[in-house]
Amino acid sequence: MPRLSRYFLRASLLYMLLGFTVGSLILMQKAIAFAPSLWAWLPVHVESVFIGWMTQFALGIAFWILPRLGPTRPRGNEIWSWGTFLLLNAGIWIGWIPVKGAAFLGRLMESMAILLFFLGNWPRLYPSPWARNSPRNAKNTNASVHQDSSVN
Ligand code: HEM
């Protein structure tokens, strides 16, 4: 697994922990009203589970598993996806700052992060060159399928 995917997935699991913890606390508060100020943490709960956990988990797996472009730069220019990781996480935290405009700026950064991921990984959505030339894709006999079963 590439280093960036490990970062995405570790961060994702940390946000899952945070989101569930905050969600549980708010749920408890609903039941026995021990700390009404916990409601202020609802945006942290929602952002953690949707963006921090679920979105980031999907991005980490996608970066790992999308088709590779070849042996030298298998994931193309990785700068785009590193930018995604940094911008997405910075956007989450900036969005939580309780000042006017911070939520907007945070969301803007998250949107830019997704755009970067799109730009960096769109070129990977093609058949790998070696698979394109493989006998498996030549509409051939069963023999060629077995012969080439190690590809991909
Ligand atoms: C897949 C996981 C989850 C997602 C996507 C999610 C999403 C959300 C969203 C969008 C809201 C806001 C609803 C609103 O603004 O009206 C919310 C509220 C809430 N969530 Fe979650 N949540 C998740 C898991 C959990 C868990 C595990 C807990 C607690 C154990 C929890 C506890 C709460 C509570 C207490 C509220 C406030 C409900 C209310 O307004 O009365 N959530 N959640």
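Modeller: An angle over 145 degrees counts as roughly antiparallel, under 35 as roughly parallel, 65 to 115 as roughly perpendicular, and the rest as oblique. The model is predicted: local features need pLDDT of at least 70, side-chain atom pairs count only at pLDDT 80 or more, and totals for chains, interfaces and linings use all residues. Residue numbers start from 1 along each chain as its sequence is written.

From the N terminus, the order of elements is α-α-α-α-α-α. Of the 152 residues in the protein, 23% are buried (20 or more other C-beta atoms, placed from the backbone, within 10 Å of the residue's own; 12 or fewer is exposed, and in between is partly exposed). Now take the contacts between residues at least 6 apart in sequence (C-beta atoms within 7 Å, placed from the backbone). Of these, 62% join residues at least 24 apart.

Now the pairs. Two packed helices are described by the angle between their axes and by the distance between those axes.

Start with α3 and α4. Helix α3 spans residues 79-96, and helix α4 spans residues 102-121. They pack at about 165°, and their axes are 8 Å apart (lines fitted to C-alpha atoms over the stretch in contact, with angles from 0 to 180 degrees between N-to-C directions). So α3 and α4 are roughly antiparallel to each other. Their contact has 15 nonpolar, eight polar and two charged residues (Ala, Val, Leu, Ile, Met, Phe, Trp, Tyr, Cys and Pro are nonpolar; Asp, Glu, Lys and Arg are charged; the others, Gly among them, are polar).

L86 lies in α3. What separates L86 from A113, in sequence and in space? The two are 27 residues apart in sequence, and their C-alpha atoms are 8.0 Å apart. L86 itself is partly exposed, because it has 13 other C-beta atoms within 10 Å.

Step back to α2 and α3. The angle here is about 175°, and the axes lie 10 Å apart. Therefore α2 is roughly antiparallel to α3. On the α2 side, the contact is made by P43, V44, E47, I51, G52, Q56, L59 and F63. On the α3 side, S81, T84, L88, I92, G95 and W96 make the contact. By class, this contact holds eight nonpolar residues, five polar and one charged.

Next come α1 and α2. Helix α1 covers 3-32, and α2 covers 42-65. Their axes come within 7 Å and cross at roughly 155°. These two are therefore also roughly antiparallel. The contact of α1 with α2 has 17 nonpolar and nine polar residues, and no charged residues.

The loop between α1 and α2 includes A33. Phi of A33 is near 45°, which is positive in a residue other than glycine. A33 is exposed, because 9 other C-beta atoms lie within 10 Å.

Look at the start of the chain as well. M1 sits in the segment before α1. Beyond its neighbours within four places in sequence, M1 contacts R6 and W64. The C-alpha atoms of M1 and F63 are separated by 9.3 Å, although the residues are 62 apart along the chain. M1 counts as exposed, because it has 12 C-beta neighbours inside 10 Å.

Last, the ligand. Which residues are around the ligand? They are F20, G23, S24, I26, L27, K30, L42, H45, V46, V49 and F50 (each with its C-beta atom, placed from the backbone, within 6 Å). Helices α1 and α2 each supply at least two residues of this shell. Helix α1 gives the most, with six residues. By class, the shell has seven nonpolar residues, three polar and one charged.

To sum up the packing: α1 and α2 are roughly antiparallel, α2 and α3 are roughly antiparallel, and so are α3 and α4. Both α1 and α2 also contribute to the ligand shell.

Methods:
Helices (H or I, at least four residues) and strands (E, at least two) are DSSP runs, numbered from the N terminus. Two residues are in contact if their C-beta atoms, placed from the backbone, lie within 7 Å.
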